[in-house]
Amino acid sequence: MEIEVRKLEERKGELLLSDTNPPMANALRRVLIADIPKLAIEDVEFHLGTIGGEDDKEYESAAPLFDEIIAHRLGMLPIPTDLELFNYRSECEECDGEGCPNCTVIYSLNKKGPCTVYSGDLIPVGENELRPVDDLIPIVKLNEEQALLMYATAELGTAKDHAKWQPTSGVAYKYYPEIEINSEECDECKECIEVCPVDILEMKDGELTVTDLEECKLCKACEEACGKDAIEVKGRDDKFILTFETDGSVSAEDALKKGLEVLNEKFTHMVDLIEDI
Ligand SMILES: [Zn+2]
């Protein structure tokens, strides 16, 4: 498979895959969805009972949402992840899964109402660069005399276990379009130009031409509109455009590198299994 990196922004990537086939393109898509690890909050410990304020005021450890819902919302927050630094907690040799700086990140949160608790209120114990990627994701609104005091622990995981460990989104590929125009059949009725939803057809010097082939959505509306069979739209099954985004916890570049690494491991494992037969 030939991979041309078309675009690799912080949170967005576009690749041109050629000399390949749909199963291979799909394998890369599935790896990008389910096999890229990231940190996400897995354990939350809520303080129970009253919480004293600085002004001698007493607050109740309560919020309008159930603890489980707050914990779930915390779990979904994107947390910056350096894939080189962290081990899976269950495989961590330093602590045997007990939790240590090599496999977990601990956050504290202490907010008193009335206010809205945001992702930016989570303070990592230790390194400041592990603050959630976006500061303004609302978690819960606290009323008068309500407060939230808790510790949360993030650890590595993959989307195979839970969607909170999925750093990528919108991972999709499309077949590379191919538009054949038979100018001998074309009677210049311009019906196809009218119906094209992405406006990529035009008449140039009396000939029907395609202005931006890659914009074609393969909807075949032009084919249907043409009464003369002068235009044919096909998707190539050896060339694809793959696009994906990340939630900011890992960069598009890191996600792609990790994806290719995992794919390579999977294929190597498969070859080993076949050789053992
Ligand atoms: Zn550990």
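A salt bridge is defined here as a side-chain nitrogen of Lys or Arg within 4 Å of a carboxyl oxygen of Asp or Glu. The structure is a predicted model, in which local features need pLDDT of at least 70 and side-chain atom pairs count only at pLDDT 80 or more, while totals for chains, interfaces and linings use all residues. Residues are numbered from 1 along each chain as its sequence is written, and side-chain values rest on heavy atoms, with hydrogens and water left out.

Side chains of opposite charge can pair when their charged atoms come close. Helices (H or I, at least four residues) and strands (E, at least two) are DSSP runs, numbered from the N terminus. R6 also meets E4 in a salt bridge, at 3.4 Å from N to O. E4, R6, E14 and E214 are linked in a network of salt bridges.

Accessibility was classed as buried (under 20% relative accessible area), exposed (over 50%) or partly exposed (in between), with a 1.4 Å probe and protein chains only. By these cut-offs, E4 is partly exposed at 41%, R6 is partly exposed at 31%, and E214 is partly exposed at 23%.

A further salt bridge is formed by K111 and D121, at 3.6 Å from N to O. K111 lies in strand β6 (residues 104-112) and D121 in the loop between β7 (115-118) and β8 (123-124), ten residues apart.

The zinc ion is coordinated by the SG atoms of C92, C95, C100 and C103, at 2.3 Å. Donors are N, O and S atoms within 2.8 Å of the metal (3.2 Å for Na, K and Ca); water is not among the atoms, so sites may look incomplete. The four donor atoms make angles of 102 to 115 degrees, and the site is tetrahedral, a class that requires all angles among four donors to lie between 85 and 135 degrees. Along the chain, the donors follow the spacing C-x2-C-x4-C-x2-C. C95 and C103 are both buried.

Three aromatic pairs were found in the whole structure. Rings of Phe, Tyr and Trp (its six-membered ring) pair if their centres lie within 6.5 Å; planes under 30 degrees apart count as stacked, over 60 as edge-to-face and the rest as tilted. Y173 and Y175 form a tilted pair, with 6.3 Å between centres and 45 degrees between planes. Y175 and F240 form an edge-to-face pair, at 5.2 Å and 70 degrees. Y175 lies in strand β11 and F240 in strand β14 (residues 231-246), so this pair ties together parts that are 65 residues apart in sequence. Y173, Y175 and F240 form one aromatic cluster. Within it, F240 is buried at 0% relative accessibility, whereas Y175 is partly exposed at 32%.

F240 is also among the contacts (heavy atoms within 4.5 Å) of T20, which, neighbours within four places in sequence aside, touches M1, A25, D237, D238 and F240. T20 is found in the loop between β2 (12-18) and α1 (22-34) and is buried, at 12% relative accessibility.

Note on methods. Tetrahedral: all angles 85-135°; square planar, octahedral: opposite > 155°, others 65-115°.
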